[in-house]
Amino acid sequence: MAAHLKKRVYEEFSKVVQQQPHEEVPAKKLRLTKPSKSAALHIDLCKATNPTDALQYLLSFARKPVEAESVEGVVRILLEHYYKEVDNSVRLKIASLLGLLSKTPGFSPDCIVDDVISTLSNDKSNQVLAQLLDTLLVIGTQLPENTAVTQRLIEVACKHLNSTYFGVRNKCLQLLGCLGTVDKPLTKESEAGTSVAPLRDVQSLISDYFGDQDPRVRTASIKAMLQLHGRGMKLQQTAYSQACKLLNDDYEQVRSAAVQMVWVLSQLYPESIVPIPSSNEEIRLIDDSFGKICHMVSDGSWMVRVQAAKLLGSMQQVSPHFLEQTLDKKLMSDLRRKRTAHERAKELYASGEFSSGRKWADDAPKEKVDTSGVNLIDSGACGAFVHGLEDEMYEVRIAAVEALCSLAQSSPSFAEKCLDFLVDMFNDEIEEVRLQSIHALRQISTHITLREDQLDTVLAVLEDSSRDIREALHELLCYTNVSTKECIQLALLELLKNLTKYPTDRNSVWKCLKFLGARHPTLVLPSVPELLSTHPYFDTPEPDMDDPAYIAVLVLVFNAAKSCPTMPALFSDHTFRHYAYLRDSLSHLVPHLRLPGRKQTAVLGSELSEVGSGSLESAQQFLQESLVRVSTLQNLDSPGAQDLLDFTIRDLKRLGELQTELAGSADFCATYLHCQLLLMKALQEKLWNMAVPLCLKQNAMASTAAQQILEETYKLEFLYSGLETRQVATIHNVRLQAKALQLILTARTKRGVEPLIGLCEKFLQEVELFQRLFMTELPHFQDSFVEKLLELMPRLVACKPLDLVKILQTTLRQSRFIHLKLPEQIHRASAMIIEPTGESDNPLRFTSGLVVALDIDATLEHVQDPQTTVKVQVLYPDGQSHIIHPKPGDFRTPGPGRVRLITQVYLSHSAWTEPCQIEVRLLLAYSSSSSRLAAPKPAWNESTEGLPTSESSVEGTINLSKPVKVFIMPKPARR
């Protein structure tokens, strides 16, 4: 009886527990709290006794988010208080809040347009009017498809354009620029309000305010026209003359906007003909605007000068003689109007035969440029680039260099003429200007050939203390043509001096000489005996192969010999031996040569190169066939599947070594198949049919395989670029399989159910996350592990942990192999440490307890966001590991997909008895929260409790480069 009563008590207790959540329905709570925002705001505003308190309540309310459903109620409360409020500052803040609330996602602001317009017509404060117009502008931009609202807002703007306050006129013009249309005419009410002006378009209405008395309004009118252009509407050419007048405005912001306006019109109507003032001459609009913008390079404001110089670089259609005038401060004869013979004879007849003497100096010789001549370009615009390159502000000089470069790229003749000016900029006092001029000359190097005097000026920069400047100059010399043999000798001499003064530039100098020799084989040929110190009769001593300067000379000569078959006859015996050595040790710098006695090897090498160049298509076909062959596996238990995967992985790795273009794709496929192979071995039959104590070794192997699969999946996701959503989903599917395997092994090796509860919940959250992220890719995962899990999801959520583990084990062994579909191109992130080389046996000595700087120079390829992901790891012999984060300024970008890391690592340790090696390597840090397909961020009013948090905590590093060993020796401190 007692047991029966106890059972009834438990049943009643359980019923109460189950009814509790039904009584408190969460949905009702949310409904009750939704209007709390407006109610709280109403209470706060009612409590305010003075405008200061009301303003404080509004400021605190502005910091809090508002739900889309509550916005309309809040707006009604604000408008109600707006009508009662007398203080302008409070009304101004309410108008500002109305604009902010209109931007709330999910809220349509068309319901408050009428209220805002009515308040606009009743308010007398200019500041409040301007803020209300700004609110209307926000509403208009939120409703671009609602033509009725847009038309009403344009009418409101036209009505208030006659305001005496500049802020109101500014907002009206901005509203017209953002919402106005060119094709629809509009009416503008007159000041009396009784008559209606004739139909006018938006552009003519805006252009009326180009001559406004307030410079801020003139600026706003020009910017409104530019906004129309930015929205894809074609501006009328009639605004050109008005914009040209504004170039002489007294205010900087007006001139800046006018320069932009003139440039826009020159791009729209380049071939239109415009008259020259005070003459009958006509000129192309692009040429006229070019001359006017050139004149602005001498403006009093440095910001206008920078803007004008930048715009000049984009005016590619200008006439050549106008272009060349920018390099000469004197007006060229081509840009003067020449009088006809009839006009000159008429003037001579009118002057009379002799001077009467009544008029002072009437027979004096006239100047070459007479006052009756008409200049086709303003004299102040002559030598615009000369003025820009000599400007006191370095920003103007940089802009002028960039404009010169862009114009010279499209005009080879102009490139030759501006060469001297760019070379002179190599001596600028600002490093950034010098660097930009070097880059500019590099970009136009295909159009120019350096003379000896110019090369002398260029090579003087090699003494610069900045490493970036020196390496940029080495890059310039790689692609520059020189004219004489003396230029080659001069360049080699200066580069060897650079190598002696800055030994860290070794690789950059060698690369420079490689390209210099390949581009000028005929100029290097006469200097070969002198460079190699050979003599026709006497044997000369063999140079030291450890000398970087001698290697630099050999690199120059061997690359020139590739295109000059007569050069190898001048080599001595030891030169051939040195070639063989360098060909093996520095194969990226020394080309393959047809040397005497090696004809067959040369022919064989050329045939292999020809076969290799033509085998890219066959290699791609082989890669696809390998994937198709593997995709025939129905599941992971298929007979012979392991052997097939082993052979395919071997073939793909070899393919990546032979074809560098396919190395990324081949490595990606091999790593993916390796994950499948590990999973296949871990799911062997004998492991799961035996008792746990009888197969402890197999369990440990399976656990190691699961951990290795997880590491490989993170490499697949973060080490390769160019992946699409389908490949990322495939990687996540393999990762889920590995985590399921870990969960099964944990259930087999640990006793009790409690440890499994948390692991099972975490695993189910990850399955839900996969479904949320890759919903669109699920049709491609038929019969896969993740699809079967999603089908069994209701059962998995309700079952016990041990039952879930059994279902996972069955599903894992029956899951189908997913065919891997490759995108067009996959690149593998890689890094190579150039310095330190790890070849020195001399230890780096320093006092224990202090620090020593180790210079790191590395090249990164296809690394995404290197400033935040690349780390430097230092591993000491005692097992200590330090990870250093390089500064963002240590990363340079020499080319697309390539990043250069030049930094310093500080080492410190206690005293050692003898030198030991430390390992330096580069790491790629990753975080699954920063994945390519991160989970969508919840809105501010959504709860984050239901979102899985397991993925956000997974962080790690991947080895990006091979380790380099460096000898160090911390010495004990002297006492």
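Start by selecting H862: this residue is partly exposed, with a relative accessible area of 28% (buried means under 20%, exposed over 50%, partly exposed in between, with a 1.4 Å probe and protein chains only). You'll find H862 in the loop between β9 (852–861) and α43 (866–869); helices (H or I, at least four residues) and strands (E, at least two) are DSSP runs numbered from the N terminus. Check its backbone too: phi of H862 is near 60°, a positive value in a residue other than glycine. Most residues other than glycine have a negative phi, and most peptide bonds are trans.

A word on the ground rules: this is a predicted model, where local features need pLDDT of at least 70 and side-chain atom pairs count only at pLDDT 80 or more, while totals for chains, interfaces and linings use all residues. Residues are numbered from 1 along each chain as its sequence is written, and side-chain values use heavy atoms, with hydrogens and water left out.

Next, jump to S533, in the loop between α29 (528–532) and α30. S533 is not a glycine, yet its phi is positive, at about 55°. Its relative accessible area is 46%, so S533 counts as partly exposed.

Now pick E835 and P836 and look at the peptide bond joining them: it is cis, with omega near 0°. P836 lies in the loop between β7 (830–835) and β8 (844–847).

Time to go inside. Which residues have the most contacts inside the largest nonpolar core? Select L136 and M261, in a core of 168 residues; such a core is a set of buried Ala, Val, Leu, Ile, Met, Phe, Trp, Tyr and Cys residues joined through side-chain atoms within 4.5 Å. Helix α30 (residues 548–561) gives the most to this core, with 11 residues. A second, separate core has 104 residues, including L790, L808, V852 and V920. Back at L136, leave out residues up to four places away in sequence, and L136 touches V116, I117, L120, L153, V156 and L175 (contact means heavy atoms within 4.5 Å).

Then select helix α5, residues 71–84. Its buried residues include V71, V74, I77 and Y82.

Last, color by pLDDT, the predictor's confidence in each residue, from 0 to 100. The chain's mean is 79, and 80% of its residues reach 70 or more. Over residues 5–36, pLDDT stays under 50, and the model has five contacts beyond four places in sequence for them. Residues 934–952 also stay under 50, with 28 such contacts.

Definitions and conventions
The expected span of a helix is 1.5 Å times one less than its number of residues.
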